[in-house]
Amino acid sequence: MGMLTPGGFGAAGTLSAREGWVAGTSTSARALEWLHQRRAYGTVSFTGTNDGFNCKAGAYSISFGTGDEAALKRAGRYVPRPHLTSITTKNQGSGDISDITMWDITFEYTVYSSGDFKAASSAFMIPGNYLNVDFGWTNGFGSIKITDCVIYNFSWSYNLDGSWSCSASALAKTANAGGFTIKPSKSSVASKDDEGNEIKYYGIAAQLQAAADQALGLGRDEGGGVTNDGLEEGQARASGGIVAAITGGGGGYGVIKIQKEAGAWEMLTSLGSANELVVSFVQLKQIVNFLNTTVLDPNGTIVSNEATYFTDSRIKSADPAKILLPGQGANYKITGGAINDFSALGGTFGKVEDIWVSTALLIEVEEKLLERKKEGEDASYTVNQFMGQLLNEIENETGSAVKCYLQSDPQDGGIKTYRIVNRHNDIKGGVDAGYTFRTLTPNSILKGISMSSNLDAEMSAIAYTGGGGKYPSKAVNKVFNCTPKEKNGSSGALENTNQALKEKIKQMGDNYNENEISDFRSVLRKHFMGAIFPSGKSIPYSINLSVTIDGVDGIGFLNTFTVDNLPGGFGDVFFAVGEIEHSVSDGNWDTTIVGYMMINT
């Protein structure tokens with residue numbers, strides 16, 4: 001796959017045909033049926049199985065409509081059958097393309113007898129019950145089927161007419177990596193200390209650290225510090241030996257000895273060793289392999305070998321004790337530094353999965369996730385939480401050059417595939433809209449259209465889109481078809497950014513200095529976002545376009561569209577589908593799509 005390529009519009013053919021029907025250009029029975037005889041149907045079915053319990057209730061279904069009159073006399077009175085009043089299905093994109101994988105279903109229904117209430121509640125009021133949802137047009141103009149949805153919320157209220165108004169919410173079973181839970185105490189891996197005593201590690205971060213120690217032949221002192229690393233100051237080495245079987249392969253482990261700037265008191269109290277910092281590392285692909293093997297298998301897998309980042313000699317990690325880029329990306333002597341060159345770790349510069357992550361950072365990430373749990377709650381977190389936090393750390397240290405997230409398609413069934421995607425390098429640009437919605441014409445099929453921005457009100461437009469902000473500096477003339485005014489003293493800004501970054505790299509090449517890391521991050525981000533942001537890509541901008549039409553199937557995430565009357569100030573933009581909502585009630589089915597504005601860089 002390699003690169004995400006927005007494009008096309010899965011429902012284009014259907015929508016084009018509808019334009020003709022709406023305009024009345026066809027007098028065929030199909031046109032009349034569309035205009036006068038269409039009606040939506042819908043069914044929610046309990047499969048009889050539960051995700052975590054063995055329940056006595058059997059399969060049960062509920063649909064729109066109240067049934068025929070002859071069947072209505074039950075429980076000593078005439079009452080309608082239980083029936084649906086609405087179905088709403090949507091994904092939780094919320095303006096962020098990385099969140100489109102959470103597929104949520106809410107349905108409302110009414111029951112009129114105690115027997116029906118007990119049957120419906122056994123099906124739709126037990127968390128973990130599996131449901132199938134099916135709705136569409138009765139005349140065959142399209143339908144939607146979502147299988148294996150899991151109940152997670154419900155509510156009901158009793159009415160004066162003796163009925164119960166009920167609702168329930170469910171998530172698609174394969175919604176996202178948030179459905180895969182990591183329990184640190186579930187399994188352990190053994191290692192040995194300096195004296196040959198066996199130590200068992202339970203947290204996944206500790207297990208990865210133990211695997212690195214084994215592969216590199218490292219020991220640990222009582223404080224957890226690395227011993228017998230065999231390195232000179234400013235050097236690194238990577239493993240090629242046997243690693244713990246739990247990781248599923250060899251390699252991908254490294255250790256560095258950083259020349260550190262230490263104060264006089266630190267040098268005195270440490271007997272001269274405070275100017276050294278020894279850190280063990282694991283490559284991102286090894287972390288992914290661990291999660292695939294121990295957590296996701298056999299129901300899911302993370303693919304890491306497709307994500308890339310923009311390569312430039314100035315792109316480094318601001319904190320080499322946490323993150324190191326592979327190969328020459330780990331060389332801090334490149335601008336004249338004296339000692340710290342960790343390029344011996346290897347890996348391909350530009351490949352995200354080859355990025356090195358310190359085991360200390362992994363432990364820190366895991367501890368932060370577990371600290372969020374309230375006392376007495378299960379000590380666990382999800383794959384999505386862990387990878388999201390880890391990828392955020394990589395983004396911070398690389399000045400946003402590596403801005404990754406897990407991408408999956410919520411409409412896919414079976415074994416879920418989650419791809420690591422770098423939104424600043426892996427979304428292909430030069431894309432046109434796959435479909436254009438028409439306004440102010442007799443054949444318009446639009447039922448509603450709106451646009452909104454969610455830019456940061458605390459920042460001015462230029463600062464927000466300028467180098468070092470959320471968007472690259474050249475974004476403003478792409479979005480608003482304007483040219484930014486040149487600030488006073490801005491001539492030569494590119495050269496100044498380059499020079500500032502060179503100096504930061506040299507400082508880290510001489511001595512690891514914790515006090516310089518924050519400023520290093522700032523300069524690195526400003527350089528990347530303002531000077532060298534890659535061209536030929538697409539990135540999302542914080543403006544959304546919402547379109548509502550009569551219900552239709554076939555629209556896919558990242559399908560592209562626009563409307564024929566955008567505000568006049570917009571430039572080279574298109575919209576990629578990031579949110580899809582279907583709403584069925586009163587015999588009608590509406591589909592609303594939200595497109596995230598994409599900028600071609």
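## The five-stranded sheet

An open sheet is built from five strands in the order β15-β16-β17-β20-β19, with antiparallel pairing; two strands pair if DSSP finds at least two bridges between them. Its edge strands are β15 and β19 (323-324), each pairing on one side only. The helices and strands named here are DSSP runs numbered from the N terminus, with helices being H or I runs of at least four residues and strands being E runs of at least two.

This is a predicted model, in which local features need pLDDT of at least 70 and side-chain atom pairs count only at pLDDT 80 or more, while totals for chains, interfaces and linings use all residues. Residues are numbered from 1 along each chain as its sequence is written, and side-chain values use heavy atoms, with hydrogens and water left out.

Within the sheet, β16 and strand β17 (residues 276-283) are joined in the antiparallel sense by seven bridges. Ile258 stands opposite Leu277 in β17.

## Two helices on the sheet

Helix α4 lies across β15, β16 and β17 and runs at about 85° to β16. Helix α7 lies across β17, β19 and β20 (356-358), at about 65° to β20. Axes are lines fitted to C-alpha atoms, for helices over the stretch in contact, and angles run from 0 to 180 degrees between N-to-C directions.

The two helices also pack against each other: α4 (residues 204-216) and α7 (residues 359-371) meet at an angle of about 165°, with their axes 8 Å apart. The pair is therefore roughly antiparallel, a term for angles over 145 degrees. The crossing of α4 past α7 is left-handed, meaning that the near helix is turned anticlockwise from the far one by less than a right angle. On the α4 side the contact is made by Ile204, Ala205, Ala206, Leu208 and Gln209, and on the α7 side by Thr359, Ala360, Leu362, Ile363 and Glu366; contact means heavy atoms within 4.5 Å.

Strand β6 (residues 103-111) is mostly covered, with seven of its nine residues buried. Buried means under 20% relative accessible area, exposed over 50%, and partly exposed in between (1.4 Å probe, protein chains only).

Strand β5 (residues 83-91) pairs with β6 in the antiparallel sense over eight bridges, and the bridge partner of Lys90 in β6 is Asp104. Eight bridges also join β6 to strand β9 (residues 164-172), again antiparallel. There, Thr106 has Ser169 in β9 as its bridge partner.

## Salt bridges

Side chains of opposite charge can pair when their charged atoms come close. The structure holds 16 salt bridges, each a side-chain nitrogen of Lys or Arg within 4 Å of a carboxyl oxygen of Asp or Glu. One of them joins Lys257 and Asp229 at 3.2 Å, N to O. This pair links distant parts of the chain, 28 residues apart: Lys257 is in strand β16 (residues 253-259), and Asp229 is in the loop between β14 (226-227) and β15 (235-238). Lys257 is buried at 9% relative accessible area, and Asp229 is buried at 8%. Asp229, Lys257 and Glu276 are linked in a network of salt bridges.

The side chains of Lys447 and Asp550 meet in a salt bridge at 3.3 Å, N to O. Lys447 lies in strand β25 (residues 446-453) and Asp550 in strand β26 (residues 538-550), so the pair ties together parts that are 103 residues apart in sequence. Lys447 is partly exposed, at 42%, whereas Asp550 counts as buried at 12% relative accessibility.

How values were computed: Angles under 35 degrees count as roughly parallel, over 145 as roughly antiparallel, 65 to 115 as roughly perpendicular and the rest as oblique.
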